[in-house]
Amino acid sequence: MVEEAAAEDEESDAENAEDAEDAKSPAPESDEPKAPEKADDPAESASRFAALLHNNAARLARRMIKSGEPASVDLIAESLAVSRATASTWIAGSAAALKSTSVADVTAELITLASQP
């Protein structure tokens, strides 16, 4: 009986220690995304979008100049957020010039293509 009482005391002490640890530790993070603290500045968003567009166009231009072949219609359409028809028309008009054009010129053409309504 003495042993049972000692075992119960130890068990009670362990439970109290766990309760104390739980009270000290912060609540687990929620899986839900946090709402932004403030809305993005429209000018900052436009600047970020322009930088993203320029980087995508430059990457595509380097790739096409290196291979000497135009990128796929789908890749151009998705990278520059243009329609497949617009990308296809650009490829038809620009494919022959890729071997004699600079990366900067193709980048500028792609940016212009993406800027069209």
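Author: Gladly. Keep in mind that this is a predicted model.

Reader: Leaving aside its neighbours within four places in sequence, which residues is N56 in contact with?

Author: N56 has its place in helix α2. Contact here means heavy atoms within 4.5 Å. With neighbours within four places in sequence left aside, the partners of N56 are S79 and L80.

Reader: Is N56 buried or exposed?

Author: The cut-off for buried is under 20% relative accessible area. N56 has 18% relative accessibility, so N56 counts as buried.

Reader: Which elements are included in what covers the buried residues of α2?

Author: The buried residues of α2 are L53, N56, A57, A58, L60, A61 and M64. An α-helix has 3.6 residues a turn, so residues three or four places apart point the same way. The cover over the buried residues of α2 includes α3 (73-80), α4 (84-94) and α5 (103-115).

Reader: How far apart are the end C-alpha atoms of helix α2?

Author: Helix α2 covers residues 42-67, which is 26 residues. At 1.5 Å a residue, the helix should span 38 Å. The model agrees, with the end C-alpha atoms 37 Å apart.

Reader: How many helices and how many strands are in the chain?

Author: From the N terminus on, the elements run α-α-α-α-α. The count is five helices and zero strands.

Conventions. Residues are numbered from 1 along each chain as its sequence is written. This is a predicted model: local features need pLDDT of at least 70, side-chain atom pairs count only at pLDDT 80 or more; totals for chains, interfaces and linings use all residues. Side-chain values use heavy atoms; hydrogens and water are left out. Helices (H or I, at least four residues) and strands (E, at least two) are DSSP runs, numbered from the N terminus. The expected span of a helix is 1.5 Å times one less than its number of residues. Buried means under 20% relative accessible area, exposed over 50%, partly exposed in between (1.4 Å probe, protein chains only).
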